[in-house]
Amino acid sequence: MSQLKEPNLPESDVPESTARRRMITSFSLFALAAAIPVGVYEWITNSPKLYGARKPLRRVLDANAALAKTYFSNTHLVATFPVEEAAKKPRQNGYDGLKTPLPEDWKLQIDRPQGAPLLITMDEVKALPKHEIVYEFKCIEGWSQVQHWGGVRLSDFMANYKLGTKSGNAPNPESADDLYSYVGMETPDKGYYVGIDMESAMHPQTLLAYEMNGQPISAPHGAPLRLIIPVKYGVKNLKRIGRMFFSDERPRDFWAERGYDYYVGL
Amino acid sequence: MKRIVHKHPLAIRWFHWINFPVLFVMIWSGLLIYWAYDPYKISFGDYTLVSFFPDGFYKFLNVPFRLAEGMAWHWVFMWLFMLNGLLYIGYTFLSGEWRHLVPDRNSFREAIDVTLYDLGLRKTQPPFIKYNGAQKIAYFSIMLMGVGSVLTGFAIYKPAQFSWLTAILGGYEAARLEHFILTIGYVLFFFIHVGQVIRAGWQNFQSMVTGFEFTKNTGTPDRGTPDRDPPVTPDPVNNQPVAPSPTPNPLLPA
């Protein structure tokens, strides 16, 4: 008979009392084991919240982020699409941080460890090389849409203005220790704010965007300058950037404070 | 003396019962996530047959506005689901248990006969050793579906890092739909499974806890010795082709 043939199940003869004892033991253990999931549920739901999420869940989410960083790579690019596939009217979702009028004298403020904050105008931003991307924007709610954005690479911007380092030099891949761990961004009215890990910020597809479908970004989509970070869910794509800063501490994050994962890396 | 047949190894019983609450958490948290963008429905032209899901359904289960909570649970318990599934698959193939599980070319014919029997359109049940053809197909499919859920799950969890996987599965939106369909599959399986377990009776159910079942004495040459206890009433889940009859209470063996 071939190995593939289904064998008979093993049998044995046992005294009736033994069989009964085994049943009682098995069912007792089963009942005890059934208490474990109940206990786990009670433990999680009665744990204090850490940054908007139950502590045990938050700890695992943070561990997931640490794990995700080990296989995150600048060579892993999000899929891009032909420009014709881009939505003519990109979906807008969320007005937090946009509820007040855009300040007339808007300039991008960048806090630096040494010296006064940098104040950068739109013309100065536009002086850097322009990049366009047509990719599938992904909302944390689950929907996605092919969209067309244009702007400057955040990594180019940081290199040009020598940002994100403790030394004040341009970011250098050779000296990763010199880089801060996070970039923080917030709207001028501080109504919306995000924190982004430095690796994702430096990803070649991460843009400071000022164009949507080849036109200046409209107000509800985050004029004049917004973040487009395809390796994150939409919640991290802060509109109307007012201030940018760098830190080794996790900057506060609007949706993480409301119980979402902090990293939300794709 | 009683003759017992060792039906489910201890490891399989652990994997089975661990999977129950873990998969429950995955489905429940998945529903909390799905609610935030719930476009799926089965419709013909303008006529919608099933909408996933009606507002009343969400309201009844207290689903709305719990996306963050759903994601947190989903991304924590996915590890337990994967670990338990991996151990189950590993054990099944290393122990040889797969020979009871993987369908062969006869299983499909047998499954039809079993279905006819279950529907009362056939008098006898085809003979089987551990699982009948329909069970083999169902349980093996569930194993494959588990693999599918992990793959489609990663395709929507990390579509940038694993863009090749997302592409193979037809893209981000397709992978999300596939992930959803597999989940509907588990829910359908669950109801059929529980229904069939109830039909099969206590002997069968308790073997998933204790591991063994009492055999009935039918004088089969390769089974047991002639001086055993008198035959107990045959039960429909035993491994012989028999007509259905009431299941004896195994706690009080005849």
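I looked up Ala66(A) to begin with: Ala66(A) counts as exposed, because it has 9 C-beta neighbours inside 10 Å (buried means 20 or more other C-beta atoms within 10 Å of a residue's own, exposed 12 or fewer, partly exposed in between, with C-beta atoms placed from the backbone). Ala66(A) sits in helix α2 of chain A, where helices (H or I, at least four residues) and strands (E, at least two) are DSSP runs numbered from the N terminus. From Ala66(A) to Cys139(A) I noted 73 residues in sequence and 22 Å in space, C-alpha to C-alpha.

I recorded the conventions here: the model is predicted, local features need pLDDT of at least 70, side-chain atom pairs count only at pLDDT 80 or more, and totals for chains, interfaces and linings use all residues. Residues are numbered from 1 along each chain as its sequence is written, while chains are lettered from A and ligands numbered from 1 in the order in which they are written.

Next I looked at chain A as a whole, whose secondary structure comes to five helices and 13 strands. Its radius of gyration is 26 Å, well over the 18 Å that the globule rule gives for 266 residues, so chain A is more spread out than a compact globule; the radius is taken over C-alpha atoms, and the rule is 2.2 Å times the number of residues to the power 0.38. Taken along the principal axes, the C-alpha atoms of chain A fill a box of roughly 90 × 45 × 40 Å, and 35% of the 266 residues count as buried. Among contacts (C-beta atoms, placed from the backbone, within 7 Å) in chain A between residues at least 6 apart in sequence, 63% join residues at least 24 apart.

I then turned to the contact between the chains, which takes 42 residues from chain A and 39 residues from chain B. On the side of chain A that touches chain B, α1(A) gives the most, with eight residues, and the residues of that side divide into 24 nonpolar, eight polar and ten charged; here Ala, Val, Leu, Ile, Met, Phe, Trp, Tyr, Cys and Pro count as nonpolar, Asp, Glu, Lys and Arg as charged, and the others, Gly among them, as polar. β1(A) pairs with strand β1 (residues 2-6) of chain B in the antiparallel sense over four bridges, pairing being counted if DSSP finds at least two bridges between two strands. Within this pairing I found Arg3(B) as the bridge partner of Asp13(A).

Strand β4 (residues 108-110) of chain A is joined to β5(A) by three bridges and runs antiparallel to it, and Leu108(A) stands opposite Ile120(A).

Last, I checked the backbone. Most residues other than glycine have a negative phi, and most peptide bonds are trans. A cis peptide bond joins Ala223(A) and Pro224(A), with omega about 0 degrees, and Pro224(A) lies in the loop between β11 (215-216) and β12 (226-228) of chain A. Tyr51(A) has a positive phi near 60 degrees and is partly exposed, with 17 other C-beta atoms within 10 Å.

Key
Contact = placed C-beta atoms within 7 Å.
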